[in-house]
Structures are given as C-alpha cells and as structure tokens.
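Work through the exercises below with the structure open. Try each task before reading its solution.

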Amino acid sequence: MQRIRLRYTKRGRLRFTSHRDFQRAFERALRRAEVPMAYSAGFTPHPKVSYANAAPTGTGSEAEYLEIALAAARDPQTLRELLDESLPAGLDIVDAVEARTPGLADRLTASVWELRLDGVDPEDADRAVEAFNRAATVEVSRMAKNGVRTFDARSAVAGLERVGTDTSQADRPSDRPCAILRLVVRHVTPAVRPDDVLSGLRAVADLAPPVPAAVTRLAQGLFDEETGEVTDPLAPDREAVATEPPMAGATATAKAPA
C-alpha cells in the first residue's frame, strides 16, 4: 500500500463549500481520475482518505491537507495533476508527496491566517491589535453543543499584526482600502478561531468591521518557538523521499481522466 499526502486550496467562491461538500467532490475526482484506491474492510468498504484539521466553512485556505492510501503505486506529481484536473477551479491540488514519515496530523500545531477587514481604518486596526497583544487574557464567548462557552482567546495567539495590502495573499472581495491582519494561532483545546480573535478585538478595542471579514488560512504546520514561523508539514516526507530509494512501481503512470 502506498500513501500520498496532498495539499489543497479553497479559493474564491469555493471557500463557502463545507468540508462535507469537499469530501463529495474529492471522491468524485478520485473516481474520474481512476485512482487505484485502497478500501476499508467490512460490510460498507470506503476509500481510505484521512482529512486533517479542515478550515471552517466560509474561510479560504491555501493549506488544507489530506492523505490517501493506494492499492497500486503511482507517481505523486502525476496523481496531483490528474486530481487537480478533476476538481472544480478553486479546489486545487497544489502539492503531493509520498508519505515516508508518520504523524501528519501531529505536525499541524498552528495556523497562519489573513483577516481582511474592509471598511476598517488601518490606524484603528493598529490600536486594536496593540490592545489585544498587551492584554494578559481576552475572554470571548461562543455557542457550543452544550450552550454558550467562554474561554480565553489570547493565550493561543502566537502573533497578531497589521500588514500592508501588498503582502496579502488572501481572497479579496473588493479593492476598497482596508486593514489586513496576519494572525498566527496555536491549535489548542478549545480551538481558537479567527472569528474568536475578531470578537476579542471587539472586546478590548471596540473594533467592529462594517462587513464580515474575509478570512484565509495561508499556512499550517509545526510552530517554531524560536522563529515564530509555521513550518511546512510535508517537508519531512520530501526529505525522506530524497534520501531513500523509491518504492517499486512508484513511477507507474496513472490513467488519464475520462
């Protein structure tokens, strides 16, 4: 059995697709590309696909990850191209590597987010960011399964700053002047989402964007405490592939989609 790890995106209007919508679209792409999937045992076999830490519905992403298991070996880059052609524009497979190391999900410990606040003056955003970073705790509330839950949104935030529009990589619903924030947040329990940080900015500085923020995940992976950066979770697999002999048949050609 060969395992392939993929990075995919949610761009443009496709950021409004739910995780279940993506699962259905991806399984159709697997069938269309005639990928030789490995299946689970039991009365209702299903293709072995493992999803890791999907972004919330309504947020864009440049860094979503999943892993598939194949019954026959395929070249990762050829497979990536076939799957990308079989998915709608906006759901793009942008990277593929053969899994040579364990624990992909364990390497997704932090995310980098971009928050586009249309209609917010950059100076107001600077004051709110400064107040948030200066606070020891920032309590916010969110509706959970068992009712309203209150928790600290500040402790999970490893970095929050305003950046210039020229460095933005997020989906842009318009070209109006706005404030753009870069957020680095650790994956903790309870999970602190970009919406929670926006609620925290409202709590500490009364910052309330006139329109909903456009949120995009730019990266996720291991958080480096020394540099404050989030590292590529597929890098260990690429390094292992470069130093180990290829699997037998790994360069077999996949069939083109019908």
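**Exercises on a predicted model**

What covers the buried residues of helix 2 includes strand 1, helix 1, strand 3 (60-70) and strand 4 (93-98). Bear in mind that the model is predicted.

**Exercise 1.** Find which residues of helix 2 are buried.

*Solution.* 
- Step 1. Locate helix 2 at residues 76-86.
- Step 2. Apply the cut-off: buried means under 20% relative accessible area.
- Step 3. List the residues that pass: Pro76, Leu79, Arg80, Leu82, Leu83 and Ser86.
- Step 4. Recall the helix geometry. An α-helix has 3.6 residues a turn, so residues three or four places apart point the same way.
- Step 5. Look for the cover. Strand 1, helix 1, strand 3 and strand 4 are among the elements over these buried residues.

**Exercise 2.** Decide whether strand 5 is largely enclosed or open, and identify its partners.

*Solution.* 
- Step 1. Take residues 110-118 and count the buried ones: nine of the nine. Strand 5 is therefore largely enclosed by the rest of the structure.
- Step 2. Sort the side chains by direction. In a regular strand the side chains alternate between the two faces of the sheet.
- Step 3. One way point Ala110, Val112, Glu114, Arg116 and Asp118. The other way point Ser111, Trp113, Leu115 and Leu117. Both sets are buried.
- Step 4. Turn to strand 9, residues 178-186. It runs antiparallel to strand 5, and nine bridges join the two. Leu115 has Leu181 as its bridge partner there.
- Step 5. Turn to strand 10, residues 214-221. Seven bridges pair it with strand 5, again in the antiparallel sense. Here Ala110 is bridged to Gly221.

**Exercise 3.** Describe the setting of Thr17.

*Solution.* 
- Step 1. Thr17 sits in the loop between strand 1 (2-10) and helix 1 (19-32).
- Step 2. Check its accessibility. The relative accessible area is 15%, so Thr17 is buried.
- Step 3. Look for a polar partner. A polar atom of the Thr17 side chain lies 2.6 Å from the backbone oxygen of Leu14.
- Step 4. Set aside neighbours within four places in sequence. Thr17 then contacts Lys10, Thr57 and Leu91.

**Exercise 4.** How many cavities of 30 Å³ or more does the structure hold, and which residues line the largest cavity?

*Solution.* 
- Step 1. Count: there is one.
- Step 2. Size: the largest cavity has about 30 Å³ of space.
- Step 3. Lining: Tyr8, Lys10, Thr17, Ser18, His19, Phe22, Ala54, Ala55 and Glu64. Strand 1 and helix 1 are the elements that each give two or more residues to this lining.

Methods: Residues numbered from 1 in each chain as written. Predicted model: local features only at pLDDT ≥ 70, side-chain atom pairs only at ≥ 80, totals over all residues. Heavy atoms only, no water. Buried < 20%, exposed > 50% of the residue type's maximum accessible area, 1.4 Å probe, protein only. Helix = DSSP H or I, 4+ residues; strand = E, 2+ residues; numbered from the N terminus. Pairing = 2+ DSSP bridges. Polar contact = N/O pair within 3.5 Å; in protein donor to acceptor, adjacent residues only side chain to side chain. Contact = heavy atoms within 4.5 Å. 1 Å grid on protein atoms, 1.4 Å probe; cavity = no way out; pocket = protein on both sides within 12 Å on 5 of 7 lines; lining within 4 Å. Points joined across faces, edges and corners; volume = space filled by probe spheres on them.
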